[in-house]
Amino acid sequence: MIYTVTFNPALDYIVFLDDMKLGDINRATRESIFYGGKGINVSTILNTLGLETTALGFVAGFTGKAIEEGLASLGIHTDFIHLPEGNSRINVKVKHGDETEINGQGPVITDEAIEALFAKLDTLTEDDILVLAGSIPNTLPEDIYEKILARLEEKRIRIAVDATKDLLLNVLKYHPFLIKPNNHELGEMFHTVCKTKDDIEHYAKELQKMGARNVLISMAGDGAILITEEGETIQMGTPKGKVINSVGAGDSMVAGFLAGYLKNGSYEEALKTGTAAGSATAFSEGLASLEMFHKMMEQLG
């Protein structure tokens, strides 16, 4: 089973405007609602690609109920911890030219709720995969990722971590199965700018020396580079298409990578399916459909 953790799930409310005037009433031309959060995005794409997954995390109030019921309607298993107070957040994304986002705060996560999450994670076995993705809400300890990997270290669970800077650097000593910074985040971790493929490969291998097993570097329109635990460097370009959505593309790449690896046992195939899934989301208004994923796979050959 693939488990994902989303500490702060959200309803993403997306409104499209022909015109926007500050200080005045603006009327949407159309609108959509998605179930958001990086871990939830990973679970959604895995489900689309036919893999069973369980979404873990914290929900609260009527919005939390809507997230839980909405995911269930899509066929996605959930095992959320219900917080006694507050509401899961609503993120408003305004599409008018450049995208403007207003992200909610989310509920307070108590120590008891954290212990409840740990209890669920303790049931995982070495046959499972765990995905940790996204930022840490300010009501959680900053080292929560580190605590989770330390707690599970002896279980030999394959863990994928999609986080930035110190959140990622601090878990490398626990040898995560997969990490996925983009090229800009990679440079930031080493206080530099990665300008060339050689730069990216060099610093990705540095992360591997620090403990990561497989390092996947996404490069937007320039594709992706994978440094495998076997020491191989694999590069993949991107399919052709118009980018209309930046939300969830990285999460889709993680999901596609895991799906490809589990189905084929090949890192090259994993990179291909990861690239296809990420591109399919980037070229869609929401997360990728199976039809769009297959179109991207055909382009990649």
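## Gly237 and its contacts

Apart from neighbours within four places in sequence, Gly237 touches Gly223, Thr275 and Leu300, where a contact means heavy atoms within 4.5 Å. The model is predicted, so local features need pLDDT of at least 70 and side-chain atom pairs count only at pLDDT 80 or more, while totals for chains, interfaces and linings use all residues. Residues are numbered from 1 along each chain as its sequence is written, and side-chain values use heavy atoms, leaving out hydrogens and water.

You can find Gly237 in the loop between strand E14 and helix H8 (249-264). Helices (H or I, at least four residues) and strands (E, at least two) are DSSP runs, numbered from the N terminus. With a relative accessible area of 39%, Gly237 is partly exposed; buried means under 20%, exposed over 50%, and partly exposed in between (1.4 Å probe, protein chains only). The C-alpha atom of Gly237 lies 6.6 Å from that of Ala224, although the two residues are 13 residues apart along the chain.

Now look at Ser284, in the loop between helix H9 (267-282) and helix H10 (290-300). Is Ser284 buried or exposed? Ser284 counts as buried because its relative accessibility is 12%.

The side chain of Ser284 comes to 2.5 Å from the backbone oxygen of Ala280. That is a polar contact (a pair of N or O atoms within 3.5 Å; within protein, one must be able to donate a hydrogen and the other to accept it, and residues adjacent in sequence count only if both atoms are side-chain atoms). Setting aside neighbours within four places in sequence, Ser284 is also in contact with Ile244, Asn245 and Met292.

## Helix H2

Helix H2 (residues 61-73) has 13 residues, and the distance from its first C-alpha to its last is 19 Å, close to the expected 18 Å at 1.5 Å a residue. The expected span is 1.5 Å times one less than the number of residues.

Which residues of H2 are buried? They are Thr63, Gly64, Ile67, Glu68, Gly70 and Leu71. Seen down the axis of H2, these buried residues fall within an arc of 165 degrees, so they line one face of the helix. The arc is that of the directions from the helix axis to the C-beta atoms. On the other side of H2, Phe62 and Ser73 are exposed. Just after H2 comes Gly75, with a positive phi of about 90 degrees.

## Helix H7

Helix H7 (residues 197-209) has 13 residues, and its end C-alpha atoms are 18 Å apart, which agrees with the 18 Å they should span at 1.5 Å a residue. In H7, the buried residues are Ile200, Glu201, Ala204 and Leu207. They fall within an arc of 120 degrees seen down the axis of H7, so they line one face of the helix. An α-helix has 3.6 residues a turn, so residues three or four places apart point the same way.

The buried residues of H7 pack against several elements, including helix H5 (165-169), helix H6 (183-189) and strand E12 (214-218). Asp198 and Lys209, on the other side of H7, are exposed. After H7 comes Gly211, whose phi is positive, near 135 degrees.

## The whole chain

The secondary structure of the protein chain comes to 10 helices and 14 strands. Buried residues make up 51% of the 301 residues in the chain.
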